[in-house]
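Hi,

Here is the structure I promised to pass on.

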Amino acid sequence: MNLRRNLVMAAAVAATIQTPLALAQSDAERIQKLEAQLVQQQEAIQMMQQELQRLKSSDPAQAPMATVPVEDLHEPVAVASAPKDISAETVLGFDIYGFVMADAIYDFNRVDPDWNDTLRVSTIPTTEGMYGDDGEFVFSVRQSRLGFAGDWDTDAGKVTALFEWELYGTGGDAGQTTPRLRHAYGTWKNFGMGQTWSNFMDADVFPNTIDYWGPTGMVFYRNQQARYTFPMGEDEFAVSLEDPGTALSIGKFRDDCANEIGDSCDSTLGDEFQAKNDVPDIVLRYRDNTDWGHWQVAGIGRKLGFERKDTGASDHEFGWGINASTVIQTTDLDRLKLQVVYGEGIGNYMNDGGLDIAPKSDDPENNGAETVPLLGIVAYYDHYWNERWSTSVGWSSITLDTTDGQAFDEFETGQIAQINLLHYPTDGVLVGGELIWGEREDVDGASGDDLRIQMSLKVNFPR
């Protein structure tokens, strides 16, 4: 019995001693395996580094194309292989941008229902009750916008492209929420062609307001054009040929009934008169960028043609204008924005109420016409209380020197005033309210005004 017990105890002791030895042996084997794997990984990293160095030193056109995440498409992307007309060294920059903007408006009076989600002064009625009883509430998303922009640095020079839409229908789509082209413009080096801001315009003068239409007396026009910009360091001088368009007033004329009864007869001859443009407008602009902002002056010359479809008779007038503007940086964030424009026959380039030619007072029936002089003024101040709050306040007007040949209810003068409080709770988001007042006066002195409150939410993408 003692012998058996001793043997059992000896076996137990041996097992106890062998277990740590076995575990130690097992751990050593795992450590050896891990060391072998580490060596293999280090060798793989060295091979990858050598391959990367080889690719960097070789023709970039032979490099494999990397997969670009959708959310990074707005960043510059190296092109793996170049098209035939673009160098293999080309770097492509591409942006998809825009915003969703929702407006809630209460109009204390009423305007033309096709324009009730903005205060376009020329749509204010001068006859009481023309568009119904006063008071109207409007929701709108027509300011929302989507754009695509790209640029390429090539061995032949820099190329850019801009394609931008909004939802604010005009013309035949007035009053509708429908896609409307804003910009379709391309450039190669210093030459550009397509539709974009007119060279006669200073887009930076537009204030930080939320009403869609903006200052009545501002030169504001996106036009089809061909433009060449001469590089002058920080400044620039640009020449453009732009699509001509005559804003024509038919007005009134004296006919047989007027001769018989001695009274004038109002007439609408839209089916007989039309614009006739065979020479593009020419615009010259100089801009001086300074450490306090910028100033610029632009001049325009125009051939304003018109004809009668019933007789084939045609004529033309010469239009011209000077637009002087400036944006003054009064503090790190604040801006004073000023513009004065004067000319004859430049109404087509104005933001609202413009007219190019109208019948002469002494010869309205026999095709006689003359250019309509106008004066436009813009004065706004954009103030930032801090990085999250801002206020824009200002006034703008347009005055036409109308002719006796125009109809009594045609537009003659208009003005608008705005003040707002806007908040930017985070990057890419704007929310705020604006108080807007406008007034219109006609040729015969009849006038009307409008007052409205607008609340808006604007969310940009990408942030």
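Starting with the rings, I count 17 aromatic pairs, where Phe, Tyr or Trp rings (the six-membered one for Trp) pair if their centres lie within 6.5 Å. One of them is Y212 with W213, a tilted pair at 5.7 Å centre to centre and 55° between the planes; for the angle, under 30 degrees is stacked, over 60 is edge-to-face and the rest is tilted. Y212 and W213 are both buried, meaning under 20% relative accessible area, with over 50% being exposed and anything in between partly exposed (1.4 Å probe, protein chains only). Ring pairs also join Y212 and W213 with W115 and Y168 in a cluster.

Before I go on: this is a predicted model, so local features need pLDDT of at least 70 and side-chain atom pairs count only at pLDDT 80 or more, while totals for chains, interfaces and linings use all residues. Residues are numbered from 1 along each chain as its sequence is written, and side-chain values use heavy atoms, leaving out hydrogens and water.

The charged end of R120 sits over W115, 4.7 Å from the ring centre, and R142 lies over the face of Y168 at 3.7 Å. The rule here is NZ of Lys or CZ of Arg within 6 Å of the ring centre and within 35 degrees of the ring normal.

R120 turns up again in a salt bridge with D352, with the closest N and O atoms 2.9 Å apart. R120 is in the loop between β2 (91-107) and β3 (136-140) and D352 in the loop between β16 (335-344) and β17 (357-359), so the bridge ties together parts 232 residues apart in sequence. D352 counts as buried, at 2% relative accessibility. Strands here are DSSP runs (E, at least two residues) and helices likewise (H or I, at least four), numbered from the N terminus.

The structure holds 20 salt bridges, taken as a side-chain nitrogen of Lys or Arg within 4 Å of a carboxyl oxygen of Asp or Glu. Another is D204 with R287, at 2.8 Å. Here D204 is partly exposed at 37% relative accessibility, whereas R287 is buried at 15%. D356 and R302 form one at 3.2 Å, and both of these residues are buried. There is also a salt-bridge network of R145, E164, E166, R180, R182 and R222.

For the overall picture, the protein chain has 2 helices and 23 strands, and 38% of its 463 residues are buried.

Cheers
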